[in-house]
Amino acid sequence: MADIAVTSIATPPSRLLAGLKRGGPRLWLGAALVALLVLAAIFAPLLAPHDPLEQDLMSAQLPPAWMTGGEPAYLLGTDSLGRCVLSRLIYSARTAVMVALIAATLAAAIGVALGLLAGSFGGWVDQFISRLIDVWMAFPPVLLSIVLAAVIGAGLTSVIAAIVVVDWTRFARVIRAETMVQLTRDYAAAARVIGLSRVKLLRLEILPNLVPLLVTLLAVEMGIAILVEVILSFVGISVAGDTPTWGSMIAEGRQIVYQAPWIMALPIVCIITSVIGLNLFGDGLRHALDPVQRS
Amino acid sequence: MTATFTVEGLKVAIGAANVLRGVSLEVQPGEVRGLVGESGAGKSMLGRAVLGLLPANAAVTAGRIAFEGRDLLAMAEAERRRLLGRRIALIPQDPMTSLNPVKRIGAQIGNLLRHHLDLSKRTALARAAELLTEVAIREPERVLALYPHEISGGMRQRVLIAMAFACDPALVIADEPTTALDVTVQRQVLQLVERLRLRHGSAVLFVTHDLGVVAKICRSMTVLHAGRVLEEGETANVLTRPRHAYTRALLAATPRADRPAEALRPVPPALIEQLWSEAHRLDDVAAVDAA
């Protein structure tokens, strides 16, 4: 049929570049902060100027190098036992990143699975999972981790377990709602009409559409996981012994906050920067990935 | 010869409201049948019932839908899924939203082919490129690597048409495939449907409210109103000698260049009931006017 016009398509601009552009400064700043955090955690032994556990009581409570009385060897000063604050901050990032990654991933895995189930089956399955979420959400994570610490002992495992047990609900609830929305879309109906089973429909069609949302949730969850770990190590039921953590540094600095305020202030700055970095990164990624934003 | 597709006395209810009230129709192998009616006549509901897409609050209360002699409503879910997409296919109404926004065109056609025909990934992609060529898309390999938002609405509709005919279906249900497109593209789409159905030997149930479209491509037609079949027959006969007042009103409401169109006179449901009970004998427009 000659009169069917043969359409040609303009070459679209690079998708990667377009995505980066949509992400904007949020994406850049967030990525830089997250990269800083992750690199510090990975290369802690190389970056830290001192052993974080090495005590030097002769040079205790030294102020940062640029203040009067500071020493160039201890860039950010020392704590009450003469340990290098900079090295301890860098090593603390390891604990924070580990908790954030493991806890957020596990919480996401459980939450997404149950959210998809609830959102796609509806009926009593949905009722059951939704009520479970309600009950679970009413339980404060810090309280739960204290209970867990009492039962299975303090340590990273109980911190991670506590975060996962409580925070899967955050994923489950949002994924459930979004699954329901996606299932009403025409493309989902079209996919059912080509004979896909429910499992295939969810895996091949729905799940890829949830990725932008999931990325944001993951980033936010990692920030929350870092905060929970800080709280728990502040009260002393996170990692055992003298492994440095931001929370324990704050706890130690609190006692001498009038003599050496930087010991408490510096870990707080690290925490705030990490959480803001993660949130910005998640937000930027969502904008970069979101199909709705695509023209 | 068994009909490809038979609907017998189908009744569908949403809550207390009866949306389809005993619809019967038949599509022979290779036939193109138009299913026309105004909004709310139940034509989309019929298509949805066939495809198992009825909304959760709707239920089939009576009747039978048979595909090649097998009862679609009675068969097991897994068996029906094997028919859908392969033997019964849908050309959806809105090309803008009926493709998955986050998957490449190639992946979407490829999935369909692999799901039903058990092809390897590479063969499926090669076959997908052939299908795109069939619907007059140039540089099919390049289009396969694009996302739906990167191609125009007309192209998306062609991709959907290619997908509908991909597995040589016996029946294609076209659910107002031209409604969301502008007029110049509509014609191309109609020609494509016509060409592909001939090539793949499929029957088409063309759901539309556009009598012009029906006149162009459907050999036979069924007029639906308020959940009932008012009239059916050869398109030429129905359009030139409409037996029923409603069909006449529908025709008069079709915009044409040579005369001003009349607004479609709504037919009161009570009157339809009366017409129905009098066994299609009331052919007089006067009856409508008097009401």
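Predicted model: local features only at pLDDT ≥ 70, side-chain atom pairs only at ≥ 80, totals over all residues.
Reader: Does B:Asp71 count as buried or exposed, and why?

Author: The C-beta neighbours inside 10 Å decide this, and B:Asp71 has 12 of them. A residue with 12 or fewer is called exposed. So B:Asp71 counts as exposed.

Reader: How many Å apart in space are B:Asp71 and B:Phe5?

Author: In sequence, 66 residues separate B:Asp71 from B:Phe5. From C-alpha to C-alpha, the distance between B:Asp71 and B:Phe5 is 9.9 Å.

Reader: What about that whole span: how far apart are the end C-alpha atoms of residues 5-251 of chain B?

Author: Residues 5-251 of chain B are 40% helix and 27% strand. The end C-alpha atoms of this span lie 27 Å apart.

Reader: Now to the partner chain. How many helices and strands does chain A have?

Author: Read from the N terminus, the elements of chain A run α-α-α-α-α-α-α-α-α-α. The count for chain A is therefore 10 helices and zero strands.

Reader: Is chain A compact or spread out, and what is its radius of gyration?

Author: Along the principal axes, the C-alpha atoms of chain A fill a box of roughly 90 × 50 × 25 Å. For 295 residues the globule rule gives 19 Å, and chain A is well over that, so it is more spread out than a compact globule. The radius of gyration of chain A is 24 Å.

Reader: How do helix 8 and helix 10 of chain A pack, and at what angle?

Author: Helix 8 (residues 198-234) and helix 10 (residues 261-289) of chain A have axes 7 Å apart and an angle of about 175°. That makes the two helices of chain A roughly antiparallel. Among the residues in contact are A:Val215 of helix 8 and A:Leu278 of helix 10, and by class the contact has 16 nonpolar, five polar and two charged residues. The packing angle is about 175°.

Reader: Which residues of helix 7 of chain A are buried?

Author: Six of the eight residues in helix 7 (residues 186-193) of chain A are buried, so the helix is largely enclosed by the rest of the structure. The cover includes helix 6 and helix 8 of chain A, along with helix 1 and strand 6 of chain B. The buried residues are A:Tyr187, A:Ala188, A:Ala190, A:Ala191, A:Arg192 and A:Val193.

Reader: How many residues of chain B are in contact with chain A?

Author: Helices 2, 3, 6 and 7 of chain B each supply at least two residues of the side that touches chain A. That side divides into 16 nonpolar, 11 polar and nine charged residues. Chain A contributes 26 residues to the contact, and chain B contributes 36.

Technical notes
Residues numbered from 1 in each chain as written. Chains lettered and ligands numbered in written order. Helix = DSSP H or I, 4+ residues; strand = E, 2+ residues; numbered from the N terminus. Axes fitted to C-alpha atoms, helices over the stretch in contact; angles between N-to-C directions. Parallel < 35°, antiparallel > 145°, perpendicular 65-115°, else oblique. Contact = placed C-beta atoms within 7 Å. Nonpolar A, V, L, I, M, F, W, Y, C, P; charged D, E, K, R; others polar. Rg over C-alpha atoms; globule rule 2.2 N^0.38 Å. Buried ≥ 20, exposed ≤ 12 C-beta atoms within 10 Å, placed from the backbone.
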